[in-house]
Protein chains: 2
Amino acid sequence: MDIAAAALAGDRRALSRLLSWVENGTVAGHAALAQLFPQTGEAHVVGITGAPGAGKSTLVNQLAREIRERGQKLAIVAVDPTSPYSGGALLGDRLRMRALSTDTGVFMRSMASRGDAGGMAHATRDVVSVLDAVGYPLILVETVGAGQSQVEVACMAHTVVLVEAPGMGDDIQALKAGLMEIADIIVVNKADKPEARQTVRALQSVRPGMRSEGHHRVSVREEKQVAAEVATGWEVPILQTSALENRGLEELLAALEAHRDFLKESGQWRARLQENARAEVESWLQRHLLALLADEVGEARLTAVVDTVRRRENDPASAAQELLAAILAAAGGAR
Amino acid sequence: MDIAAAALAGDRRALSRLLSWVENGTVAGHAALAQLFPQTGEAHVVGITGAPGAGKSTLVNQLAREIRERGQKLAIVAVDPTSPYSGGALLGDRLRMRALSTDTGVFMRSMASRGDAGGMAHATRDVVSVLDAVGYPLILVETVGAGQSQVEVACMAHTVVLVEAPGMGDDIQALKAGLMEIADIIVVNKADKPEARQTVRALQSVRPGMRSEGHHRVSVREEKQVAAEVATGWEVPILQTSALENRGLEELLAALEAHRDFLKESGQWRARLQENARAEVESWLQRHLLALLADEVGEARLTAVVDTVRRRENDPASAAQELLAAILAAAGGAR
């Protein structure tokens, strides 16, 4: 039995190894991905995002327990594209792993940190595909609140949960201007804090604007698809959760399910699959092209061409045209 | 005289029109870019970033006046990749424009908002290239604090200024975990506020970690280039500015100049030019490929291939390989 078949059959060690292959972009990983791809497309992928300190990890942990108590399986992917010296996420995950590690119904994966945000997005997408294929019906993807990961997770997830901690007061609207828009569900965590009520009010005061304009994502999606989404009628709920008081988890789970049902009934689930398929094809097209560039043109010639651009002897568009012609000539000649 | 020559000769209306062409990716814009490219590479590009509400716009405005008082020219590019319904930046810019509009030594440009973060980055890069070519020695690029723009601006700018407002208290380290790393200079704005001192202390307490690990960027750069930067010795200064008390601008200008000198003396300025040249060539390569895809394969066939992926009849990597083969065959046959 090969590794993909073993992972499909429920072998967790095979799954772990396969995820490492996929994450590292090995040839064997790509082959397994191609093999598993027909099984994907069923999982509900939920992005959990928000600033560090908002309590995302604790919330995800509690959510996982609640889901497990209902007898449902889930996978958790923790993405940390920040610096090698933050490292907090990995430590935290290990602690959480221990609490849930005896339970075979939950699978947790921390993505290794890497400098290239685009590479991280691609690796996360591939890891989610594998977890989807091997049959986890719910995949929680937890990302830190800063930087490019916000946008990337929105492209990947069916449902984006924005976790907000109380105490920002009037600044919320401004501070979260770029984040509010990608949220399908907003959670005010640490709702036991006295400032929580003010935070909810502040969020409610900015929500009408969101509602009147509809649901909109800042992403690499086609504009027409964004327009289609704007026309639909999902109202972003503002929920309150508290780890201290063990409160709000049922409501959050109900909202996740309601959003999934909304996506399916409105036809957006299918549109999202189409959109993701196109994004993946274009992403692979670029990777294949860069591989061709390396194989057919070579690093030495690429560096030489880049040098002419740096010295302003050539402009980037013309240099790229030249390289593309070289690729086409070499690949054409090889046929 | 063509438009590029007119812009080079100091015609501001020609420059505005040219920037629109470039921003919209027109053929004429690309031709002008190629024509102007040899003149680029001289400007000091400074990214000014931080959360909305930190007072970036006011700071940029004051900085512009201070620079003008010294008799130096500058350009300002305001990038707002957030939603169509925020719109704040455009209004604010117009107000600022009015204050500086009688001064021909400063040129201000607001980038139109667009959904595609990658397209925004490319357009911003092209706009900066034109402003560089026509002779602005200093270009301030102001971006909102959320989302992908953080990372993109770091790739483009020589110097990244992170603007922080006081009052976040102990949360700073966590909140800014993803942003601190891209900063070359940290500014605590609104330093007249009583909480400013605490903010400075909080920032100083996280800085030693940055210092021991050196200067590191989360970006699409080559890892070896990051490693080269880590080895260098720039200490990120923490400055205080206040619009109310008109304080700290000279120090900030001095820090900008010190960082530029540091880049030049350490050889990083040249490395950055090489790196930017490579990023631009690769970016154009992808654009040319997508254009070839549209021309040689066509939207109908692309959609059909994406459909097979959505229906899980084909995996994305194989589908992309198929499309690339079609491009190569068509382009090869055409030769």
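Two strands pair if DSSP finds at least two bridges between them. Strands are DSSP runs (E, at least two residues), as helices are (H or I, at least four), numbered from the N terminus.

This is a predicted model, in which local features need pLDDT of at least 70, side-chain atom pairs count only at pLDDT 80 or more, and totals for chains, interfaces and linings use all residues. Residues are numbered from 1 along each chain as its sequence is written, chains are lettered from A and ligands numbered from 1 in the order in which they are written, and side-chain values use heavy atoms, with hydrogens and water left out.

**View 1. Strands S1 and S4 of chain A.** S1(A) (residues 44-49) and S4(A) (residues 138-143) pair in the parallel sense over 5 bridges. Here A:Val46 stands opposite A:Leu140 of S4(A).

**View 2. The open sheet of chain A.** The sheet has 7 strands, in the order S3-S2-S4-S1-S5-S6-S7, with parallel pairing. S3 (106-110) and S7 (238-240) of chain A stand at the edges. Each has a single partner strand, so one side of each is left without a neighbour in the sheet. Neighbouring strands are turned by 20° against each other on average, direction ignored. Axes are lines fitted to C-alpha atoms, for helices over the stretch in contact, and angles run from 0 to 180 degrees between N-to-C directions.

**View 3. Helix H14 of chain A.** H14(A) covers residues 299-310. A:Arg312 follows H14(A), with a positive phi near 65°.

**View 4. Helices H12 and H13 of chain B.** The axes of H12(B) (residues 249-266) and H13(B) (residues 268-297) come within 5 Å and cross at roughly 85°. The two are therefore roughly perpendicular (65 to 115 degrees). Among the residues in contact (heavy atoms within 4.5 Å) are B:Phe262 of H12(B) and B:Trp269 of H13(B).

**View 5. Helices H4 and H12 of chain B.** The axes of H4(B) (residues 56-69) and H12(B) come within 10 Å and cross at roughly 80°. That makes H4(B) roughly perpendicular to H12(B). B:Leu59 and B:Leu63 of H4(B) are among the contact residues, as are B:Leu252 and B:Leu256 of H12(B).

Note on methods:
Parallel < 35°, antiparallel > 145°, perpendicular 65-115°, else oblique. Expected span 1.5 Å × (residues − 1).
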